[in-house]
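Trainee: Could you walk me through how the labels on this model get assigned? I'd like to see each value set against its cut-off.

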Amino acid sequence: DLPILFVDDNSPDGTASQIELAARSDPNIELLKRPEKLGLGSAYREALRQILQKEQARFIITLAADLSHDPAELPQMLELVKRYPVVVGSRYVPGGRIERWNLARRLISRLGNVYAQWLTGVPVQDLTSGFVAYQTDWLRRLPLPTMQSEGYAYQIEIKYALWMAGARIFEHPITFIEREGGQSKFSAAIVWEGMWYPLKIFFQRILK
């Protein structure tokens, strides 16, 4: 009975048409269809803005639609977010794990998260996770329109902003499964932005 909002940036595989077809028979399905690839961060910001504007949802849960985030975790995430302002589906707390990643990808992700945690000071092991549940009251405290990060840096930025606002962040262990079809958005530009944003926050912290 919960509404689902899909964001599609003109996927070439016909994703939007399949969602539109499903929405005809299910009023809980909505589609935010964008004309071109405008970036992961902007997709999140536009979706959050649209949901918050309606002032109906008490909670928002974000996840990838490629099944790398297991929908079976949703009931537990929903129960947890009733108690915690932010719940992160975490690969890096006890019980969390990753399937179908090679060693290089594992090292980049794990070391990148250690790097981001150390520089930002946010006490979260998986700052780049996109499987996150939020209490909407806390999201309304954030300057979402002014956030500019894309890629995994967006995930760091929003968690940092919530932590600075005083939100308690809980990490729930999940199993992340690399997608079987399609192509990952992981790129050198995403890695660079993910390195630069925590460094920027670090300098802001020490110069205060």
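Trainee: Why is Leu-67 called exposed?

Mentor: Its relative accessibility is 58%. Exposed means over 50% relative accessible area, buried means under 20%, and partly exposed is in between, with a 1.4 Å probe and protein chains only. Since 58% is over the 50% mark, Leu-67 counts as exposed. Before we go on: this is a predicted model, where local features need pLDDT of at least 70 and side-chain atom pairs count only at pLDDT 80 or more, while totals for chains, interfaces and linings use all residues. Residues are numbered from 1 along each chain as its sequence is written, and side-chain values use heavy atoms, leaving out hydrogens and water.

Trainee: Where does Leu-67 sit, and what is its phi?

Mentor: Leu-67 is in the loop between β3 (59-62) and α3 (74-81). These elements are DSSP runs numbered from the N terminus: helices are H or I with at least four residues, strands are E with at least two. Its phi is positive, about 70°, and Leu-67 isn't a glycine. That gets flagged because most residues other than glycine have a negative phi.

Trainee: What makes Arg-100 partly exposed?

Mentor: Its relative accessible area is 48%, so Arg-100 falls in the in-between class. Arg-100 also has a positive phi of about 70° without being a glycine, and sits in the loop between β5 (97-99) and α4 (103-120).

Trainee: How do you know that Arg-34 is buried?

Mentor: Arg-34 has a relative accessible area of 9%, so it lands below the buried cut-off. You'll find Arg-34 in strand β2 (residues 29-34).

Trainee: Which side chain does the side chain of Arg-34 make a polar contact with, and why is it called that?

Mentor: The partner is the side chain of Asp-9, at 2.6 Å. A polar contact is a pair of N or O atoms within 3.5 Å; within protein, one must be able to donate a hydrogen and the other to accept it, and residues adjacent in sequence count only if both atoms are side-chain atoms. At 2.6 Å, the Arg-34 and Asp-9 pair passes the distance test. A polar atom of the Arg-34 side chain also lies 3.3 Å from the backbone oxygen of Gly-39.

Trainee: What makes β4 count as enclosed?

Mentor: Five of the five residues of strand β4 (residues 86-90) are buried, so the rest of the structure largely encloses it. In a regular strand the side chains alternate between the two faces of the sheet. In β4, Val-86, Val-88 and Ser-90 are buried on one side, Val-87 and Gly-89 on the other, so both faces are covered.

Trainee: Why is Val-86 called buried?

Mentor: Its relative accessible area is 0%, so Val-86 is well inside the class. Contact means heavy atoms within 4.5 Å; not counting residues up to four places away in sequence, Val-86 touches residues including Val-132, Leu-162 and Phe-170.

Trainee: What makes Pro-143 a lining residue of the second largest pocket?

Mentor: On a 1 Å grid over the protein atoms alone, a pocket is an open set of points with protein on both sides within 12 Å along at least five of seven lines, and lining residues have an atom within 4 Å of a point. Pro-143 is on that lining, as are Glu-157 and Tyr-197, among others. The volume, about 180 Å³, is the space filled by probe spheres set on the points. Helices α6 (151-164) and α7 (188-207) each supply at least two lining residues.

Trainee: How do you know that Ser-149 is buried, and what does its side chain do with Glu-157?

Mentor: Ser-149 has 7% relative accessibility, so it is under the cut-off. Its side chain makes a polar contact with that of Glu-157 at 2.7 Å. Ser-149 is in the loop between α5 (136-139) and α6.

Methods
On a 1 Å grid over the protein atoms alone, a cavity is a set of points where a 1.4 Å probe fits but cannot get out, and a pocket is an open set with protein on both sides within 12 Å along at least five of seven lines; lining residues have an atom within 4 Å of a point.
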